[in-house]
Amino acid sequence: MKKNLIFLALASAALLPIEAEAQKSAIDNSILEKEAISHFRYLASDELMGRDAARSEIDIAARYVSEQFWKYGAKAISDNYFQSVPFRLSAPPSSGTIKLGSDELTQGQTMLVLDGKSLEGNYEMVVAGYGLEEDLEGKDISGKILVVRVGGPEKMGPSQLFASGRKKLALAQEKGAIALIEMYNLPTTPWTLLTNYLNKPQMTLAQGEAHEAGIPYIWAKDLDGELIKNIDKGGVEKAEVSITGKVNKSFNGKNVIGVIEGTDPKLKEEYVMLSAHYDHIGVGSPNAEGDTIYNGARDNAVGTVAIINAAKFFAENPPKRSILLCAWTAEEKGLLGSAYFSENPLVPLDKIIYNLNIDNGGYNNTDIITVIGLGRTSADHYIKEAVAEYGLETMADPSPEQGLYDRSDNVNFAKKGIPAPTFSLGFTAFDAEIMKYYHQAADHVDNFDLDYAMKYWKSYLLTAQKIANADERPVWEAGDKYEEAGKALYGAK
């Protein structure tokens, strides 16, 4: 008996390289260079005008992705491949000023109207700390402008500022305020950077009453904190407001969703979610060559092609678990498409056992794959094995100070408890090579290493296949900040 067990163990070990080679061969036979690069060239073409989620061309890109899902055999979950995502677009006013005694705030210089309707008139002001529920107790703000500090106690990160601002805005509107002004005094992000980023149309998710424009939501420059102190002490009795030409509109975007059913009678009830955002930043300022179209080959047409390739490969080679294919809209507008799906999932979230996301800024090393989130889940060895099969090495996040893990679509699912790393092109630092293409008009397929693109796409598929066929679900490593969310989602073991 002992000899038989030893023989079986040796035989199993000998079969492992053969099985691995068969998996790799199936991928190599399925993903053909000209076909994959054709998808790449189209998605990053001038005809799609940079795939801005607020432009009409984004619908052409969505249709293209859905047609590839259909052609290759991925199924729609509902009547079609689209999940409708409700958006609001808020464009800056044509002019905006607020006079506060001898001080005057001007749109795009010392103030930013982030949302809401046009407004004109003279209004009383009420200062109330951070504008939280406890700050408003006993204060009458009906028909008045609520003036508060930006952010909140220990909530000063970029995403936290916007999230807390939205809550304050809803609260102020509920209590009858005529406008909300947050006084910006944070040294961490320069005001000039904010004006460059925020003094342009902004998109948000629109749900319920949020479809309609509400009261003006304004950030005002007050770096030394003197302006809010003066208002609070009664140095300014009223604000003379003139905000005109404010534009607000509602429309629907599209997440593109497909599914391939698994083969295992039990495990097919679980999903490995493969995701990438298909939008980019659209049309912008001309570069030195006069190019105004930001094609987004690296960010993130290359990732979208990976999802299309996955539709083809897994339809031909379905694994044990089901594959959920997700192309997100409006990542560049604030991770909006994935955020909407995470709150309105088309399959139960506790059935999604892993999210292998793709997002990219560029690459500066074609010998590696950089995985944002490596070291945080039990699936790392599958990633490393798959990447090594294509002669590449796996590298963890080289710039943790950038907070990349929490700046892409994966974080919307990590927050829910789903293990969710981002599988990125190889980069070792945010150097000049990265910045030459990141959100630049120069980001074209013509200057992309296409041999590396093929290795990238194929190693992604092999990683997904290994995880989808694994006996055990991936889990968060002990002590990870999302571990408790995972236990809450799937049940503590």
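Tutor: Let's start with Met-49, which counts as partly exposed because its relative accessibility is 22% (buried is under 20% relative accessible area, exposed is over 50%, and partly exposed is in between, using a 1.4 Å probe and protein chains only). Bear in mind that this is a predicted model, where local features need pLDDT of at least 70 and side-chain atom pairs count only at pLDDT 80 or more, while totals for chains, interfaces and linings use all residues. Residues are numbered from 1 along each chain as its sequence is written, and side-chain values use heavy atoms, with hydrogens and water left out.

Met-49 sits in the loop between α2 (33-43) and α3 (57-72); helices (H or I, at least four residues) and strands (E, at least two) are DSSP runs numbered from the N terminus. Met-49 has a positive phi of about 50°, though it isn't a glycine. Ala-330, also not a glycine, has a positive phi of about 60°. Ala-330 is in the loop between β15 (322-328) and α8 (336-343), and it counts as buried because its relative accessibility is 0%.

Now for Asp-359, in the loop between β16 (352-358) and β17 (368-372). Asp-359 is buried but has no salt bridge, and the nearest oppositely charged side chain, Arg-407, is 8.1 Å away. A salt bridge needs a side-chain nitrogen of Lys or Arg within 4 Å of a carboxyl oxygen of Asp or Glu; for charge, Lys and Arg count as positive, Asp and Glu as negative, and His and the chain ends are not counted.

What Asp-359 does have is polar contacts from its side chain: one to the side chain of His-277 at 2.8 Å, and one to the side chain of Ser-408 at 2.9 Å. A polar contact is a pair of N or O atoms within 3.5 Å; within protein, one must be able to donate a hydrogen and the other to accept it, and residues adjacent in sequence count only if both atoms are side-chain atoms.

Leaving out residues up to four places away in sequence, Asp-359 touches several others, including Glu-331, Thr-422, Asp-299 and Asn-300 (contact means heavy atoms within 4.5 Å). Those last two are worth a look: a cis peptide bond joins Asp-299 and Asn-300, with omega about 10°. Asn-300 lies in helix α7 (residues 297-316).
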